[in-house]
Amino acid sequence: MLEKIREYLKEQQLVKKIQLQEPFTIEFLAQGEYNQNFLISAVQKKYVFRLNYGSQLNLENQIRYEYQALKWLERTNRTPRVLYVDDSCQKFSQGLLIMEFLAGEPLNYRNDLNEAAVIFGEIHEQPIDEAADTLFVKEKATILSARVNECQQLLEPVLTSDFVPISAQKLLAAALDQCAKNVKQQQFFVELDQWCVNNTEVNSHNFIIGKKGFLIDWEKPVISHPVQDISQFLASTTTLWRSNLVLTQTEKQAFFSSYLQTTGFDSHSFSEALRIYHPYLMLRALSWSAMAYDSYQKNTKELKNQEIFEKVSSYMNEDFLRQALKEEVFE
């Protein structure tokens with residue numbers, strides 16, 4: 001693969017276009033469920049070469065969507081600059097893009113909560129212009145029903161699985177029914193009419209903290225109420241995902257205060273938004289985990305990550321599921 005990438009860069013004359021200087025190296029960087037990332041390193045420049053293997057938004061052209069999203073988000077100065085996209089799937093069977101490599105470390109929940117609040121705030125403050133309204137998937141009138149529909153699809157193989165524990169299937173099915181019954185609560189968000197671009201995948205390793213902080217991995221952004229990102233960021237399923245910790249109420253409150261100070265959003269309405277939305281976020285996180293657990297057991301995943309498999313396996317524990325499904329952001 002590394003040599004194939006090198007050949008591609010030369011064939012497409014990208015060495016000159018992105019101002020690479022020989023000699024440069026290519027090495028594997030990271031892999032998730034839907035993307036592989038490689039690091040291109042020269043003396044003064046570093047880039048990420050990203051291959052896409054699927055779309056969580058069920059888009060026909062996932063890589064083009066991500067490229068255009070990153071282009072729009074450049075105005076925030078909190079996301080990576082993207083330089084190149086190829087959705088022809090000729091040299092590679094996957095769509096690909098090249099973006100700048102951002103130096104730094106993943107977010108540390110104990111040390112970087114204030115920086116995370118400011119990053120979110122500066123992104124969520126961006127007004128939705130005509131370009132954004134045309135480009136991004138929108139979840140305005142459907143912020144809750146979209147989660148229900150998504151979870152119904154995710155749970156379809158789960159609820160007949162030979163691998164997912166029966167106890168987990170029953171708990172998830174009951175939670176899905178409860179969320180479906182309460183979906184009319186989304187009228188609260190419609191009347192609030194407070195929309196922004198959400199990342200929707202805000203675990204600690206999608207932040208890069210260095211001299212400045214950034215939010216990366218924009219494969220499934222949507223226009224929605226900012227509660228989508230904030231609810232997910234504070235959820236136990238997120239903080240446990242790569243950092244194996246749960247935030248205290250004091251830490252959550254400090255983050256929330258910094259976020260509100262950055263954005264100027266109303267505390268009362270946003271707290272109510274968190275109360276309404278969080279059960280849907282937790283159902284979505286756990287439904288995806290159950291789907292991933294099932295697909296790993298069936299060996300149907302094109303990309304595999306052992307760390308992810310171990311984590312979703314732990315989320316299928318009955319006691320954990322019971323607690324997670326009744327979680328509230330602020331107790």
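Trainee: How are helices α12 and α13 oriented to each other?
Mentor: In this predicted model, α12 and α13 (residues 306-315) pack at an angle of about 120°, their axes 9 Å apart. Axes are lines fitted to C-alpha atoms, for helices over the stretch in contact, and angles run from 0 to 180 degrees between N-to-C directions. Under 35 degrees counts as roughly parallel, over 145 as roughly antiparallel, 65 to 115 as roughly perpendicular and the rest as oblique. So the word for α12 and α13 is oblique.

Trainee: Before we go on, what kind of model is this?
Mentor: Residues are numbered from 1 along each chain as its sequence is written, and side-chain values use heavy atoms, with hydrogens and water left out. Local features need pLDDT of at least 70, side-chain atom pairs count only at pLDDT 80 or more, and totals for chains, interfaces and linings use all residues, since the model is predicted.

Trainee: How many charged residues sit in the contact of α12 with α13?
Mentor: Contact means heavy atoms within 4.5 Å, and among the α12 residues meeting α13 are Trp288, Tyr293 and Tyr296, with Ile308, Phe309 and Val312 among their partners. Ala, Val, Leu, Ile, Met, Phe, Trp, Tyr, Cys and Pro count as nonpolar, Asp, Glu, Lys and Arg as charged, and the others, Gly among them, as polar. By class, the contact has 9 nonpolar residues, 3 polar and, for charged, none.

Trainee: Is the crossing of α11 and α12 left-handed or right-handed?
Mentor: Helix α11 (residues 249-263) and helix α12 (residues 267-298) have axes that come within 11 Å and cross at roughly 130°; helices (H or I, at least four residues) and strands (E, at least two) are DSSP runs, numbered from the N terminus. In α11, Phe256, Tyr259 and Leu260 meet Ser267, Phe270, Ser271 and Leu274 in α12. A crossing is left-handed if the near helix is turned anticlockwise from the far one by less than a right angle, and right-handed if clockwise. α12 with α13 is left-handed, while α11 with α12 is right-handed.

Trainee: Which strands stand at the edges of the 5-stranded sheet?
Mentor: Strands pair if DSSP finds at least two bridges between them. The pairing in this open sheet is antiparallel, in the order β1-β2-β3-β5-β4, with a twist averaging 20° from one strand to the next. Inside it, 5 bridges join β3 (residues 46-52) to β5 (residues 96-100). Each edge strand pairs on one side only, and these are β1 (25-31) and β4 (82-86).

Trainee: Which helix packs on the sheet at about 160° to β4?
Mentor: Helix α1 (residues 2-11) lies across β1, β2, β3, β4 and β5, running at about 120° to β1. The helix touching β2, β3, β4 and β5, with a direction about 160° from that of β4, is α3 (residues 62-73).

Trainee: Why is one side of β6 and of β7 left without a neighbour?
Mentor: The 3 strands form an open, mixed sheet in the order β6-β10-β7. β6 pairs with β10 (residues 222-224) in the parallel sense over 2 bridges. β6 (137-138) and β7 (196-198) stand at the edges, so each has a single partner strand.

Trainee: How far apart in sequence are the parts tied by Phe120 and Phe207?
Mentor: Rings of Phe, Tyr and Trp (its six-membered ring) pair if their centres lie within 6.5 Å; planes under 30 degrees apart count as stacked, over 60 as edge-to-face and the rest as tilted. Phe120 and Phe207 are edge-to-face, 5.5 Å centre to centre with 80° between the planes. Phe120 lies in α4 (residues 113-124) and Phe207 in β8 (residues 207-209), so the separation is 87 residues.
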